[in-house]
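This report is meant for a reader who is meeting the structure for the first time. It turns to aromatic rings, then to the nonpolar core, and then to charged side chains.

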Amino acid sequence: EAVRQFERAVNLDGSFAPAYYNLGEAFYRSGNRREAGKAQEKLKTLNPVLAAQLENVFKGADSNKPKNK
């Protein structure tokens, strides 16, 4: 549901950086890394600082995953 809402937001205003941030995070947390990366790339053009923050979210989410032994 979150992904659909944020997709709607970016379709309404393609220059609204927070929507791309939230879309990227929603895709990432749902396991869709490819689409998360696309949202982040668009975000880099709109707001590089926010894109860097999203990268930190990605890294933080990955560091919380259980490690295989």
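Two rings of Phe, Tyr or Trp, the six-membered ring being taken for Trp, count as an aromatic pair if their centres lie within 6.5 Å, and such a pair is called stacked when the planes are under 30 degrees apart. The model discussed here is a predicted one, and a search of the whole structure finds 1 aromatic pair in it. This pair joins Tyr28 and Phe58, whose ring centres are 4.2 Å apart and whose planes meet at 15 degrees, so the pair is stacked. Because Tyr28 belongs to helix α2 and Phe58 to helix α4, the pair ties together parts that are 30 residues apart in sequence. Tyr28 is buried, with a relative accessible area of 8%, and Phe58 also counts as buried, at 7% relative accessibility.

Which residues of the largest nonpolar core touch the most other members? They are Tyr21, Leu23, Leu43 and Leu54, in a core that has 19 residues. Helices α1 (2-12), α2, α3 and α4 (48-63) each supply at least two residues of this core, and the largest share, 8 residues, comes from α2. In soluble globular proteins, nonpolar side chains tend to be buried together. For Leu23, once its neighbours within four places in sequence are left aside, the residues in contact are Val3, Phe6, Glu7, Val10 and Ala39.

Side chains of opposite charge can pair when their charged atoms come close. A search of the whole structure finds 4 salt bridges, and the table lists some of them, including one that involves Arg4.

| Residues in the salt bridge | N to O distance |
|---|---|
| Arg4 and Glu1 | 2.7 Å |
| Glu25 and Arg29 | 2.9 Å |
| Lys38 and Glu35 | 3.1 Å |

Arg4 and Glu1 are both exposed. Glu25 and Arg29 are separated by about one helical turn, because they stand 4 residues apart in helix α2 (residues 17-29), and Arg29 is exposed, with a relative accessible area of 56%. Lys38 and Glu35 both lie in helix α3 (residues 33-46), where they are 3 residues apart, about one turn of the helix. Lys38 is partly exposed, its relative accessible area being 48%, and Glu35 is likewise partly exposed, with a value of 26%.

Terms used
Residues numbered from 1 in each chain as written. Predicted model: local features only at pLDDT ≥ 70, side-chain atom pairs only at ≥ 80, totals over all residues. Heavy atoms only, no water. Salt bridge = Lys/Arg side-chain N within 4 Å of Asp/Glu carboxyl O. Buried < 20%, exposed > 50% of the residue type's maximum accessible area, 1.4 Å probe, protein only. Core = buried A, V, L, I, M, F, W, Y, C linked by side-chain atoms within 4.5 Å. Contact = heavy atoms within 4.5 Å. Phe/Tyr/Trp six-rings, centres within 6.5 Å; stacked < 30°, edge-to-face > 60°.
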